[in-house]
Structure formats: C-alpha cells, structure tokens
Amino acid sequence: VSWMMTTFEDAECYARCFGHYEGCESYNYVLWLGRYAGYEQDNNPAKQRFAINIFSPEVEKDSNGCFRVPNGTYTFDAKNSTAEFTISDSDTYVEFGKTDAIITDATLEITDEGATLTAKVYRDAQLGGDVEYTMTYKGEILAVQAEEFEE
C-alpha cells in the first residue's frame, strides 16, 4: 500500500443512493473516490479507489433524477450505527487494482464545492502502521439511484 499515490487533488467521484437500505432510518450512499472510480471500473487493474459507505438525512431527487449528498462532516463509525453523518465500517474499504485494504479511520467533508476524504489504511502486520490518504473531488456530489433502492 505504501508505494501507491497517497494524495489525489483531482479525484474522480461516483455515487449511488440506496435510500433506507436494510431498514435504517438514515439515507445510505456509497461513494467511490479516487482513480477509475466509476462503477463500470470494477475490473480495471489500475483502479485506486475508496468505497465509502455513508449515512445522511433523507433528500429528494433533483430534476435530473439524482440525489445530492448532503453537506457536512461524516466521521468513521466502527460500531456501524447507521446514524446520520457517519461513515460505516461495514463496506468501507480501498481497492488497489485487484487488492482490497481495510480503512481504519476516515473523515469525509462535503461542501458545495466538492468533497475531501482523509482516510487511514491498514498496512500488513510486517510493515506495521497505517498509511494516510487524502482525496479531493471538485464538483457536486450527486448519486444515482441504486437498483436496490429502498423507499
């Protein structure tokens, strides 16, 4: 993990909205931030993207059928409470090509200008310690409705 890029000032963003997925009261989104972030990039061996599973207040679709992810600071929640403005430990990870790594802590700041993710990624036991990554995306954070969307 340590040899990969750790700072992205022009990260790509792709987001999906799952609504009240699995019965939670908050709205559930998954954001992919990094290089080759789009859902169609799942098999791309060059991808370096963070899958961030967040929960927020409910929002309405815009005129284009997208959900605008609410502004705010989302913090890592190892208890997976599904509370608003949290990043769930469940289904939050980083992908380096065909390899996944565990995120041990993260903060996501979403504003009208875009998003900044700061995340710590676990290195294997032989190397020890975490590697810190920073992703910056400029633009609105708009999510398409997932097939598994729950009203």
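In what order do the elements of the chain run from the N terminus on? They run β-β-β-β-β-β-β-β-β-β-β-β, and the secondary structure comes to zero helices and twelve strands. Helices (H or I, at least four residues) and strands (E, at least two) are DSSP runs, numbered from the N terminus. This is a predicted model, in which local features need pLDDT of at least 70, side-chain atom pairs count only at pLDDT 80 or more, and totals for chains, interfaces and linings use all residues. Residues are numbered from 1 along each chain as its sequence is written, and side-chain values use heavy atoms, with hydrogens and water left out.

**Overall shape and surface**

- Taken along the principal axes, the box filled by the C-alpha atoms is roughly 45 × 30 × 25 Å.
- Of the 151 residues in the chain, 46% are buried. Buried means under 20% relative accessible area, exposed means over 50%, and partly exposed is in between (1.4 Å probe, protein chains only).
- Among contacts between residues at least 6 apart in sequence, 56% join residues at least 24 apart. A contact means heavy atoms within 4.5 Å.

**Charges**

- The chain has 11 positive and 28 negative side chains. Lys and Arg count as positive and Asp and Glu as negative, while His and the chain ends are not counted.
- The centres of the two sets lie 7 Å apart. The place of a charge is taken as NZ of Lys, CZ of Arg, CG of Asp or CD of Glu.

**Aromatic pairs**

- Rings of Phe, Tyr and Trp (its six-membered ring) pair if their centres lie within 6.5 Å; planes under 30 degrees apart count as stacked, over 60 as edge-to-face and the rest as tilted. By this rule the count comes to eight aromatic pairs.
- The ring centres of Tyr27 and Phe67 are 6.0 Å apart and the planes stand at 70°, so this pair is edge-to-face. The pair links distant parts of the chain, with Tyr27 in strand S3 (residues 27-35) and Phe67 in strand S5 (residues 67-68), 40 residues apart.
- Tyr27 is buried, at 4% relative accessible area, and Phe67 is buried at 2%.
- One aromatic cluster is formed by Tyr27, Tyr29, Phe67 and Phe149.

**Positive phi angles in loops**

- Most residues other than glycine have a negative phi.
- Tyr36 has a positive phi, near 55°. Tyr36 sits in the loop between S3 and S4 and is partly exposed, with 36% relative accessibility.
- Phe85 also has a positive phi, near 65°. The loop that holds Phe85 runs between strand S6 (72-77) and strand S7 (86-88). Phe85 is partly exposed, at 27%.

**Buried residues and their contacts**

- Ile87 belongs to strand S7 and is buried, with a relative accessible area of 0%. Ile87 and Ile54 are 33 residues apart in sequence, yet their C-alpha atoms are 4.4 Å apart. Beyond four places in sequence, Ile87 touches residues including Ile52, Ile54, Tyr74, Phe76, Ala106 and Leu108.
- Ala115 is part of strand S10 (residues 114-122) and is buried at 4%. Beyond four places in sequence, the contacts of Ala115 include Leu108, Ile110, Met135, Tyr137 and Ile141.
- Ala11 lies in the loop between strand S1 (7-8) and strand S2 (12-19) and is buried at 6%. Not counting residues up to four places away, Ala11 touches Gly34, Arg35, Met135, Thr136 and Tyr137. Ala11 and Tyr21 are ten residues apart along the chain, and their C-alpha atoms are separated by 27 Å.
- Gln48 is in strand S4 (residues 48-56) and is buried, at 6% relative accessibility. The C-alpha atoms of Gln48 and Trp32, 16 residues apart in sequence, are 9.7 Å apart.
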